[in-house]
Amino acid sequence: MENNILEVKDLKKSYKEFTLNNLSFKLEKGYIMGFIGPNGAGKSTTIKLIMNLINRDGGEISVFGLDNIKDERCIKQRIGFVYDENHFYDELSITEMKGIIAPFYKGWSDKDFERYLKDFDLPPRKKIKELSKGMKTKFSLAVALSHDADFIIMDEPTSGLDPVFRSEILDILASFIQDEKKAVLFSTHITTDLEKIADYITFINNGELVFSETKDSILENYALVKGGKELLDDGVRRELVGIRENNYGFEAVTSDVKKFRSQFKGDIIIEKPTLEDIMLYTVRGSKNA
Amino acid sequence: MLNLILKDLLVQKKSFIFTVFYSTFVFFAFSTPVFEQTIYAMGTIAIAYILILTATALDDKNRSEIILNSLPVKRDSIIMAKYLSIFVYIVVGIATMMVVGLALKLLGMPINYRLVNGAELVAILMSIGILCSIYFPIYYKFGSANVRIFNIFLFLALFFGPVNIANYMKKNGNNEFITSVLETIRNIPEWMIMSGVVAIVLAIILVSMLITIRIYRKKEF
């Protein structure tokens, strides 16, 4: 049995001003992976490559152990997708749009779809263009969940949504993943959402992989470090990324808190970081490098 | 494939109100002896072409090809459905003209009502087939904003082109070359000319479809 729902290997895609460079990571069944990085890091590019909406320049992508281009139709039967923007025909009602999409999926269930409409308070007769951004996302999610998909891919689904909507979506994903044969890839720059539900975090910056690990090990190994300026010698600097200095002191992130603790004693404050801290300091570090 | 064709009809259900108005207009404007033999062609060509353009314009406006290409459907099928829909829209156009014509006749309006004739059918297939064979590859290569202007010229050329060519021929009726061409054509039985035209148009549509499929396979969304 194939254990990986998604495996990305040495993925390459070049544009004039941006290159996705040898990206590799994998996602096992039963887990939610958060896919983070600043705007323009290559998150959407990666997702479009997985969905074969754009052509890759190199590398491999396999979904359910199958090549994403050779077995595209078979794979897409089992993928549910939610994108940042709404690309439905906006003159149609929810029911009409469903009527267009449903026949493409062998596993489509009207019963499931109607249940989600009810759960999400979506009025079936309402036109797509009359829906709010949150409702459109919920509609996409209802479609994604109504054809017995094993893999949900979401590109910035929570951007522009209020915290109540976001938390509802997170609950739905958490219950989706109860079935351990399934998996979710979830790109976002709202990292607090991921702290709640993600099992793995894949972080890319400037088209390059920074890390792809379990959330727990990341939060264990990384630390936010603060201290007086006088402590900031070359040895300390080498162990830190994204150092921010002011007249009084510095703040930075280390990726190996055990090593840091053992090497540097003194008045250094070591705190538990958030994913956002890790992302911000790493991005800043790469800009200064 | 059928899903994709039905989708194009459903997304523009409002356009069908337009087709009813337009065909009514055609019957009132062109129910004169001059257009006696061509009124169905005139109505159907415009209706079918406008519906085909509206379908692609709606895909483009909503960027719905991102959704379509995320569904379990082959890119080739999306294009094949577009080309097959040419025939569907021709049927829709003819049906609209016939039904509206019949309704007007029953209401006692002074219009010419008859069945669509064979020459009209060939003319419709030829015009729509050629228009789409040029339009689709350009639309899928460059996007709808860029084809808009091109489209207007294309439509005008096909709308007024034949009339102007006919006038030119009439004026230069004594020209030896034209006379000999016309003479040759006159000697070929009509059914042969018609089937020849149909065969050529179908071949053009097929070639255009293969080109568009190649373009669409490489397209990025």
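**Close-up views of a predicted model**

**View 1. The β9–β10 hairpin of chain A.** In this predicted model, β9(A) and β10(A) form a hairpin with two residues between them. N206(A), in the turn, has a positive phi of about 55°. Strand β9(A) covers residues 200-205 and pairs with β10(A) in the antiparallel sense over six bridges. I201(A) has E213(A) as its bridge partner in β10(A). I204(A) stands opposite L209(A). Two strands pair if DSSP finds at least two bridges between them. Strands (E, at least two residues) and helices (H or I, at least four) are DSSP runs, numbered from the N terminus.

Residues are numbered from 1 along each chain as its sequence is written, and chains are lettered from A and ligands numbered from 1 in the order in which they are written. Local features need pLDDT of at least 70 and side-chain atom pairs pLDDT 80 or more, while totals for chains, interfaces and linings use all residues; side-chain values use heavy atoms, without hydrogens and water.

**View 2. The open sheet of six strands.** The strand order is β6-β7-β8-β3-β9-β10 in chain A, with mixed pairing. The edge strands, β6(A) (79-82) and β10(A) (208-214), each pair on one side only. Neighbouring strands are turned by 15° against each other on average, direction ignored. Axes are lines fitted to C-alpha atoms, for helices over the stretch in contact; angles run from 0 to 180 degrees between N-to-C directions.

**View 3. Helices α1 and α6 of chain A on the sheet.** α1(A) touches β3 (32-36), β7 (151-155), β8 (183-187) and β9 of chain A. Its direction makes about 145° with that of β7(A). Helix α6(A), residues 163-176, lies across β3, β7 and β8 of chain A. α6(A) runs at about 150° to β8(A). Contact means heavy atoms within 4.5 Å.

**View 4. The second largest pocket.** Its volume is about 370 Å³, the space filled by probe spheres set on grid points joined across faces, edges and corners. A pocket is an open set of points on a 1 Å grid over the protein atoms alone, where a 1.4 Å probe fits, with protein on both sides within 12 Å along at least five of seven lines; lining residues have an atom within 4 Å of a point. Of the 19 lining residues, S44(A), K48(A), D84(A), E85(A) and D155(A) are the closest to the centre. Helix α1(A), residues 43-50, gives the largest share of the lining, five residues.
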